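Take a look at the model below.

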Amino acid sequence: MANKRMEAATSTNQSLFIPFITAGDPSAEATIEIALALEEAGATILELGIPYSDPLADGPTIQAASKRALKGGMSLEKALKLVPQMRKSGLTIPVIIFTYFNPLLQYGEERFVNEAAELGIDGLLVPDLPYEESEHLAQLCEDHHLSFISLVAPTSKQRMLKIAERSKGFLYCVSSLGVTGVRNELDPRVYDFLKTVREASKIPTAVGFGISSNEQVKVMREHADGVVVGSALVAVIGEREEALKNKETRNSALYEIKKFVTSLISS
């Protein structure tokens, strides 16, 4: 049962490290090997982003990754099928699909959830689906033992208890308003927000949007149960696009990615 992986990953005392990568960036084959490298570097959960032409919550770095992946022919269906290949290659950590609602709606909610459960996927995160409109999809996920990951933002205070009560796996806390992207400094008001969320949540909390340095990771670990790192990692992958596409140079690029992650999460 896929959800057992999520339960195991979130029930330990270790701090969660949840990297985000874009499926198909820079290629399907490279995505599989990047996932394995991230687990080796200390990832506890993998967030696999579906490339989309209109990613409202994403900044320029992840937008560029989506463009590269779409140009290479990646799709929602192809991205889902990468997961069993990752599993066959040795990936053991949970995999969460990060997708906007429009591609999911076009694919079919029931079809997606059925296939995700069959393919060894552990959860789903849909950033542009409001809590008030997510009950049907959340129930489908529960019926198929997938964790429906919820987002809470600093503007969600009135709804926070309801969101926290229904969330599964971990609760994704958005550190700031706006789109994803590397930030040199985080809004100091985030600490009170994270304290409120942590007190309300029965499951682990993970903070994302802007986490890009070892110092920020250390600070956030004091206020949440884990961190999500997206744009900073995607930028490192983007800088090594050609090396990752080439089998002869891929291992060197993977080593540099692992080195970056290690430097990010080391105590």
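## Ground rules

Contact means heavy atoms within 4.5 Å. Helices (H or I, at least four residues) and strands (E, at least two) are DSSP runs, numbered from the N terminus.

This is a predicted model, where local features need pLDDT of at least 70 and side-chain atom pairs count only at pLDDT 80 or more, while totals for chains, interfaces and linings use all residues. Residues are numbered from 1 along each chain as its sequence is written, and side-chain values use heavy atoms, with hydrogens and water left out.

## One face of helix α1

Start with helix α1, residues 3-10. Its buried residues are Asn3, Met6, Ala9 and Thr10. Buried means under 20% relative accessible area, exposed over 50%, and partly exposed in between (1.4 Å probe, protein chains only). Seen down the axis of α1, these buried residues fall within an arc of 120°, so they line one face of the helix. The arc is taken from the directions from the helix axis to the C-beta atoms.

An α-helix has 3.6 residues a turn, so residues three or four places apart point the same way. What do the buried residues of α1 pack against? They pack against three strands: β1 (16-22), β3 (95-98) and β5 (147-152).

## Aromatic rings

Rings of Phe, Tyr and Trp (its six-membered ring) pair if their centres lie within 6.5 Å; planes under 30 degrees apart count as stacked, over 60 as edge-to-face and the rest as tilted. The count comes to 4 aromatic pairs. One of them joins phenylalanine 20 and phenylalanine 98 edge-to-face, at 5.3 Å centre to centre and 80° between the planes. Phenylalanine 20 lies in β1 and phenylalanine 98 in β3, so the pair ties together parts 78 residues apart in sequence.

Phenylalanine 20 is buried, at 5% relative accessible area. Phenylalanine 98 is buried too, at 7%. Phe20, Tyr52, Phe98 and Tyr100 form one aromatic cluster.

## An exposed threonine

Threonine 155 lies in the loop between β5 and α8 (160-166). Is this residue buried or exposed? Threonine 155 is exposed, with a relative accessible area of 58%. Threonine 155 and phenylalanine 193 are 38 residues apart in sequence and 9.5 Å apart in space, C-alpha to C-alpha.

A disulfide is a pair of cysteine sulfur atoms within 2.5 Å. How many disulfides does a search of the whole structure find? The search finds 0. The sulfur of cysteine 141 is 19 Å from the closest cysteine sulfur, in cysteine 173, too far for a bond. Cysteine 141 is buried at 0% relative accessibility. Cysteine 173 also counts as buried, at 0%.
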